[in-house]
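User: Can you walk me through this model? I'll ask as we go.
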Amino acid sequence: MRNESPPSGEAPGHIDALIATRLLALRQAKGLSLAELAELSGVSKAMISKVERAQSSPTAVLLGRLAAGLGVSLAQLLTDEKEKEAPQRLRTKAMQEVWRDPEAGYLRRQVAERGATGSGVELVEVELPRSAQVGYPRWSGKPYRQCLWMLEGALRVDYGDERFELSPGDCLDFGVDRPLVFKALGRTACRYLLAASAD
């Protein structure tokens, strides 16, 4: 497995500042108070406030709850809105946002943003450390479909009450209309590609 850090030129706190800006902007755009988002997401007002002030490095689970409460994709909390104003046909590896969960070590690379080139498809590469587990609640907003292509290692996906175990080359289609849990199996980390599109 590769051990990657954020793209060169980005300060360690850059991603926390970006998340803070995006979370505040999305919450305000939806006309939600801290208390309302807390109720929708199951995240305390104090924690939301800390994330919005970049005083806390949120985990994947926390971001998942906030995204679900806002009814947006995780990518909308992790990518800069400015980049969408001038989409480019070529998105080099250096241009792809990288975020690492400070708790689970989960690494997420935003390969392609949905709608950036008019395709409506989002591509995300995920590396999940050995035995790591990440769970997300059911999304409250407009549902979308995801297709997971397993690249390395072994992975278990709980999609509501359905359970799937994947090996390299396997492909799984699912949505965000049920709670999701991803768990790395075996003695190594795993890596997979997620393709998402509007339902």
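Analyst: Here is a quick tour, from the whole chain down to single residues.
This is a predicted model, so read it with its cut-offs: local features need pLDDT of at least 70, side-chain atom pairs count only at pLDDT 80 or more, and totals for chains, interfaces and linings use all residues. Residues are numbered from 1 along each chain as its sequence is written, and side-chain values use heavy atoms, with hydrogens and water left out.

User: How many helices and strands does the chain have?
Analyst: Five helices and 10 strands. Helices (H or I, at least four residues) and strands (E, at least two) are DSSP runs, numbered from the N terminus.

User: What share of the chain is buried?
Analyst: Buried residues are 43% of the 199 in the chain. Buried means under 20% relative accessible area, exposed over 50%, partly exposed in between (1.4 Å probe, protein chains only).

User: Take α1. Why is its end-to-end distance 22 Å?
Analyst: Helix α1 covers residues 14-29, and its 16 residues at 1.5 Å each should span 22 Å, so the 22 Å between its end C-alpha atoms agrees. The expected span is 1.5 Å times one less than the number of residues.

User: Which of its residues are buried?
Analyst: I15, D16, L18, I19, A20, R22, L23, L26 and R27 are the buried residues of α1. Their cover includes α2 (34-41), α3 (45-52), α4 (60-70), α5 (75-78) and β1 (98-100). Just past α1, G31 has a positive phi of about 65°.

User: Where is S56, and why does it count as buried?
Analyst: S56 is in the loop between α3 and α4. It counts as buried because its relative accessible area is 17%. Setting aside neighbours within four places in sequence, S56 contacts D16, M47, K50 and V51. Contact means heavy atoms within 4.5 Å.

User: Switching to the largest nonpolar core. Which residues touch the most other members?
Analyst: Y106, L128, L148, L155, F182 and Y192, out of 48 residues. The largest share, seven residues, comes from α4. A nonpolar core is a set of buried Ala, Val, Leu, Ile, Met, Phe, Trp, Tyr and Cys residues joined through side-chain atoms within 4.5 Å.

User: And what does Y192 touch?
Analyst: Not counting residues up to four places away in sequence, its partners include V124, W149, M150 and F182.

User: Last one: what does the side chain of R91 reach?
Analyst: R91 lies in the loop between α5 and β1. Its side chain reaches the backbone oxygen of Q110 at 3.2 Å. A polar atom of that R91 side chain also lies 2.9 Å from the backbone oxygen of V111.

Note on methods. Polar contact = N/O pair within 3.5 Å; in protein donor to acceptor, adjacent residues only side chain to side chain.
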